[in-house]
Amino acid sequence: GNRRMNTMNHCLRTRAPAAGAIGSLRSRGALRLIGGDAATGSRGLKNEGYGAAYAQYPFEVEPAMGGNRRGQHVSNIFAQHNAGSKFVMINRPEALNALNLEMIRDLDRIYRRVQENPLVGLVLLYGGGEKAFCAGGDVRKLAEGGITKRSEKAPQMDFFREEYILNHRIANMGHATSAALLDGYCMGGGVGLSMHGAVRMAGEDLTWAMPETALGFFPDVGSSWVLPRLPHHVGRYLALTGKRLNAAEAVAAKICTHYIPHGQVPWMFERLMSVNNFTSSEFVSNMVDNHFTQDVDEDITDNLSPHFAAIDKCFGGNVSMEDIRGSVTAVAGEGGPSSAWAKETLAMLDTTSPTSCAVTLEQMKKGAALKDLGQCLQMEFRMARHFLSQPDFFEGVRANLIAKDRNPKWQPAPTEPEVEEYFQKLPVEEELMLPVYTKKAPAAAAAKSAGAQSAGHAQPRR
């Protein structure tokens, strides 16, 4: 039993880098059997298009494999087919699985194929390596483009466009359930890959955050849909402060739906891999609840929920940043049970961009009134374009990620009309266009329907 546990843990948490085409893997002897016998592994790999290698458990791919002889790129995304599911691994551990445009395109390709395949009822996303699910987008790369006037084309917007389309697709998988196992760092773009799925499992080592206001940016990837709908206005608190949460706090805030200790992960993977009929998201959630989830370990302390009342009081309602700071300062001076929390909150706010906070607060208010994720992503796309025309994002990246002097020179806090400029519509040809997805039956019913071939039809959303 222990040997099997160690074997599966090693396979699931391996730092194996991405592979190119399957022919290249076999010709170079790149496969190494981790568990089982050679007969099991002989049917282990099959190619599914450009840039993706699909490895049947329990294989891993050896390091330093390049593309095939046709020049296919090296993918940092692994996927494997199971009875009725697909497991997908983000595999760029040297960069904490940070997303680049090629990875976003590979992920979108995989999720799109699941939408079109009625036999796949579950997509489970997890991170390769031992440190991160996904630490976000490659913001240093995005900052290389520099400030771009609104009248000019911003090359970074191609990244945001394709990332937001992927976020929207994950939330609209029709017959298939989107699930994610969050262990290690889950920040920024990693939050966008996970929070729109129905099943969000926190691992023991989870560190969750949306730290964008300290980088002179704003919480995007659909945060304006998810965060305003968390209880006790905790979403506003997290968006403005960038507070890091552990597994217990992520579960308490309803960001994660389940907690999975490390010892249960291999058995959960093995059990889910054997199921060929995932009837609904509730079916997946109940399976995890009944067989694998546990109460969060006692040594992972929840220091968030004891302050829900204070968060509600300070961050709720139609408040301004001045109101929030005033309320938090008052709580800090009361000397009550939330006094230390309030002092920590003020210290976090002091590190953030005044522009980012003012715009993010308005984003949370507007997001709460929008009717769906698509509208929120379109709003965020406009916001992203405006931030690229202002200096704070580039200064935040410089101070925190490049020079690392932690001393950004922020612009003064904006006026209300200046804040509203961040939400103005773009020219029609620059707006984010999203598919309109039709409702689909669960996987079992979809598989029986001859007409179940497409998850949606790409039409402009205005």
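Two strands pair if DSSP finds at least two bridges between them. Helices (H or I, at least four residues) and strands (E, at least two) are DSSP runs, numbered from the N terminus. This is a predicted model, where local features need pLDDT of at least 70, side-chain atom pairs count only at pLDDT 80 or more, and totals for chains, interfaces and linings use all residues. Residues are numbered from 1 along each chain as its sequence is written, and side-chain values use heavy atoms, with hydrogens and water left out.

**Stop 1: the whole chain**

Show everything. The protein has 20 helices and 15 strands. Of its 462 residues, 56% count as buried, meaning under 20% relative accessible area, with exposed over 50% and partly exposed in between (1.4 Å probe, protein chains only). A contact is a pair with heavy atoms within 4.5 Å. Among contacts with a separation of 6 or more, 76% join residues 24 or more positions apart.

**Stop 2: an open sheet**

Select S8, S10 and S12. These three strands form an open sheet in the order S8-S10-S12, with parallel pairing. Its edge strands are S8 (132–134) and S12 (207–209), each pairing on one side only. From one strand to the next, the twist averages 15°. Strands of a sheet pair through backbone hydrogen bonds, either parallel or antiparallel. Now zoom in on S8 and S10 (residues 185–187). Two bridges join them. Cys134 stands opposite Cys186 in S10.

**Stop 3: strand S11**

Select residues 199–203. Is S11 enclosed or open to the outside? Five of its five residues are buried, so S11 is largely enclosed by the rest of the structure. Val199, Met201 and Gly203 point one way. Arg200 and Ala202 point the other way.

Strand S9 (residues 177–182) runs parallel to S11 and is joined to it by four bridges. Here Leu182 stands opposite Ala202. Strand S13 (residues 258–260) also pairs with S11 in the parallel sense, over three bridges. There, Gly203 stands opposite Ile260.

**Stop 4: Ala250**

Ala250 sits in helix H10 (residues 247–252). Its relative accessible area is 0%, so Ala250 is buried. Which residues does Ala250 touch, not counting residues up to four places away in sequence? They are Leu206, Leu245, Ile255 and Cys256.

**Stop 5: the nonpolar cores**

A nonpolar core is a set of buried Ala, Val, Leu, Ile, Met, Phe, Trp, Tyr and Cys residues joined through side-chain atoms within 4.5 Å. Select Phe160, Leu193 and Trp208. Of the 98 residues in the largest core, these touch the most other members. Phe160 touches Leu142, Phe217, Asp220, Phe381, Ala384 and Leu388, not counting residues up to four places away in sequence. Another core, of 22 residues, lies apart from the largest one; among its members are Phe78, Met268, Phe269 and Leu272.

**Stop 6: a helix pair**

Finish with H14 (residues 321–334) and H15 (residues 339–350). Their axes come within 7 Å and cross at roughly 145°. Axes are lines fitted to C-alpha atoms, for helices over the stretch in contact, and angles run from 0 to 180 degrees between N-to-C directions. On the H14 side, the contact residues include Met321, Arg325 and Val328. On the H15 side, they include Ser339, Leu346 and Asp350.
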